[in-house]
Structures are given as structure tokens and as C-alpha cells.
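I opened my notebook to go through one model, entry by entry. Confidence comes before the details.

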Amino acid sequence: MANEILVEVLSDETKVAIIEDRELMELYVEKVYGGRLVGNIYRGKVQSVLPGMQAAFVDIGYNKNAFLYINDAVINGYYANDENMNSSYCDEDEDEELSDNNLKEYNINDILKQGQEITVQVIKEPSGNKGPRVTTHLTLPGRYVVLLPGADYIGISRRIDNDSEKDRLKKIAEQIKPCGMGLIMRTVAEGKCVEDFENDIGFLIRLWRNIHDRENGGYVPRYLHKDYNLLYRTVRDFLTTNTDKLVINDLEQYEKALEYIDLVSPSLKTKVELFNKSKSLFDYYQIDYRLSKDLARKVWLKCGGYIIIDKTEALTVIDVNTGKYIGADNLEDTVVKTNLDAVVEIARQLRLRDIGGIIIIDFIDMNDEEHKRMIINALKNALKKDRTKTTVVGMTGLGLIEMTRKKVGTD
């Protein structure tokens, strides 16, 4: 599978396109000013506590107060204001949450007080009239691991499905885990040895100490740590041995990328290329032309069918139609073929548009129960490539497939 990463650096923004098997799969844009908040860590002040919602609003210096739900303020019996435990984890590789049953014994009034200073991390961008969502469960992602400064825990990426490899990585994690902290072994840790983690762990520990030192003293609210820029995150999270090439159009950023790669994975430096042609990088790869088709309300399938994507405030609805495809044998085969093609395109569209929340898919009606199971299984398999957590709930009595996809960014 061809895998290319394109990084176009402009005066006011940076754009990253992820291409897999010649298909545009993901697009990220970050402005030079007013960039994303997710990942940033702040020392904030509780403005109000809402027992009826089991939540609180926290001033982090943004123009809207951040929302802190009880689920993001307590873990394993420790409160957000408990000096022994003020963080947990949240990562695309290993994402676990406390169930509501575990939280029934807690009350937000016992955890947070108005005017209290707390350290929080943004886990969801603001959207519409809503401010950012924050957590006290801090995470610091590196190349191979995620450091959990306040959770004595070891986790392995869900995407690593080999049991012997999981056991091997767990043993390594037990060796390298800092005392009193937790680690999550990321997907790219697969096949790596102890030495490969040394720079990663050392960097993250130094980063945490710097953040921790800044917690005390100074005005509130203030930010303690700003997450790294899009280029850094792209190299950290996307560049792997499966990548054919990473193309960057800016010499300065190209050199910075090489410096970072030289620290964490020198063998990957050969995959980085500097783009120095007369036209822009995205024009050369026709990214904007592709987007004009791929982001339309109606998206055509390879078989001649199409899907319609409509977004409301509450959910996203995707409707599958046969369109120009009339098949060759019988109606059921035509329907199944169209639905299978739609599965592939829907999985791509969810990543490309970064659709989050509740998603309802109206596939073309099928009579055969085996065909229905085939479509659900095909959808689950197609979604395995998605780095964002997805859950296929199942098919309703009306033949609609319900699913959810974790929402992090703005729509």
C-alpha cells in the first residue's frame, strides 16, 4: 500500500495530506496564529460547579470557559485536587474511560470547589457556543510511548493484536516505566527494543518536570504547556516504516523534521524529501482538486452508486444509493456490491472530514441476514485503519447502522 505524507508550509498556515494507496485519506490544517487547543495544558481556576450536571466550568484563559465533566476529574478513587493523583490518559491508541457505574459514588461538589486552582489538559476543541472540554488526566505523547504523569498504569495499543508482542512490550514497559507514573505503548512501538525507547522516555520525563515546576506560582489562568506544531505531530504520529515518503515544501521545516527524526528514528530519514518545484506542493498532487470532489454532499462510488452525507447538530446521516449502477445478475447482488463499495468510501470520508459523534448509515435494504452481517463486518474491518476511536453499535430494526466516532476537533 502506497503511503505518502505531504506537508505544505505557507506563511499563515501548515497543511498536511495523508495519502494511502493513491487515495486522499486525511487532511489537517493548522493556522500560524490561533492554532488548535487539544493537547495544551493549563493552570486554570474553577468558575462554577454544577451538581445537576456533575460538571464544572474552568477558566483557562480562553474566551469561553472550559467544561470539565466528573468523568474527567476523578480516577480510581483519586480526585482532581488530590496531590497524589491528578491525571490519567487519553490517546488514540489506548482509550479507556470509567463507566458511569464507577462514578455513582462521587459527587462533583466533593471533588471541586469554586475558585479552586487545578491543572487541566484540553481534550476537545471548542465548537459553536461550547468551550473546550478539559481533563485532569494529563497525557504526554511521545514517538513510541505516552507518559501518564499521575497514573501508575501500563497499557498497550489496541492496534497491536499479537498476544506475544503485547506480552513482550508489557515486560519492556515494566523495565522503563518511571516510578509512580504510567506508560502506554503506542502502535509504532511494535517490534522495538528497550534501547529504542530511551530517548523517548528521557524527553517526556524532562518535559513533565518542566510542566510540574511551572504549576506553582504565577497568575491564573495561564498555559503550562503548548502542544507541538502540526509538522512535529505529523512526524511523531504518522511517519513509520510503512511510509513511502514524507514530502515537505519548506527548507527550514524540512531540516527541523530531519533533526527530530535523527533523534527518535534515524533509519526513517531517507524517507523525507524536500519539494522544490515551481508550483505548489498541493497543486502538484492535485489535492485541492480532489477535495472539491471528495467533500461534496454527493460522493460517487467506483461502481456507479453514490452516498449522500448530511450533517446536523446532533448527528451525521449517510445515505447509500445505487445511482448509475444497475448490476449484471440480480437485484440482491447489485445491492450488496453497492453497499460494499459504500463501506470503503464511508470509512474514508469519516477520516477525511474528521466526522465525530453519532453517525447513522442508511445502506440499501438487504433481505439476506448473511448479507447484513457481511456489511457490518466489512464496515468494522474498514474502520480498523482509523486512528480515531470508532464503535459500530449494530443494525436497528429499520435497517440503519448506528455507530460513533470520537469527536476531538472542530467540525
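My entries on this structure follow.

**Ground rules.** I am working on a predicted model, where local features need pLDDT of at least 70, side-chain atom pairs count only at pLDDT 80 or more, and totals for chains, interfaces and linings use all residues. Residues are numbered from 1 along each chain as its sequence is written, and side-chain values use heavy atoms, with hydrogens and water left out.

**Confidence.** I looked up pLDDT, the predictor's confidence in each residue from 0 to 100. The protein chain averages 86, and 90% of the residues score at least 70. I took helices (DSSP H or I, at least four residues) and strands (E, at least two) as runs numbered from the N terminus. Over residues 76-103 pLDDT stays under 50. For that stretch the model has 77 contacts beyond four places in sequence; a contact means heavy atoms within 4.5 Å.

**Largest core.** I searched for nonpolar cores, meaning sets of buried Ala, Val, Leu, Ile, Met, Phe, Trp, Tyr and Cys residues joined through side-chain atoms within 4.5 Å. Buried is under 20% relative accessible area, exposed is over 50%, and partly exposed lies in between (1.4 Å probe, protein chains only). The largest core holds 27 residues, and Ile 307, Ile 346, Ile 361 and Phe 363 have the most contacts inside it. Elements that each supply at least two of its residues include strand S19 (306-311), helix H9 (331-353) and strand S21 (357-362). H9 gives the largest share, 7 residues. I then listed what Ile 307 touches beyond four places in sequence; among them are Val 299, Leu 301, Ile 318, Ala 342 and Ile 346.

**Second core.** A separate core of 24 residues includes Ile 41, Leu 169, Ile 172 and Met 185.

**Helix H3.** I checked the length of H3 (residues 163-176). At 1.5 Å a residue its 14 residues should span 20 Å, and the end C-alpha atoms are 20 Å apart, which agrees. The expected span is 1.5 Å times one less than the number of residues. Which residues of H3 are buried? They are Glu 165, Leu 169, Ile 172, Ala 173 and Ile 176. These cover an arc of only 105 degrees around the axis, so they sit on the same side of H3. The arc is taken from the directions from the helix axis to the C-beta atoms. Exposed on the other side are Asp 163, Ser 164, Lys 171 and Gln 175. The cover over the buried residues includes strand S13 (154-156), strand S14 (182-185) and helix H4 (194-215).

**Glu 8.** Is Glu 8 buried or exposed? Glu 8 is buried, at a relative accessible area of 3%. Glu 8 lies in strand S1 (residues 3-9). Its side chain reaches the backbone nitrogen of Leu 281 at 3.2 Å. Beyond four places in sequence, contacts of Glu 8 include Thr 14, Lys 15, Asn 249 and Phe 282.

**Backbone checks.** The peptide bond from Val 220 to Pro 221 is cis, with omega near 5 degrees. Pro 221 sits in the loop between H4 and strand S15 (222-225). Gln 286 is not a glycine, yet has a positive phi of about 55 degrees. Gln 286 is in the loop between helix H7 (281-284) and helix H8 (287-294), and is partly exposed at 48%. Asp 354, also not a glycine, has a positive phi of about 50 degrees. Asp 354 lies in the loop between H9 and S21 and is partly exposed at 33%.

How values were computed:
A polar contact is a pair of N or O atoms within 3.5 Å; within protein, one must be able to donate a hydrogen and the other to accept it, and residues adjacent in sequence count only if both atoms are side-chain atoms.
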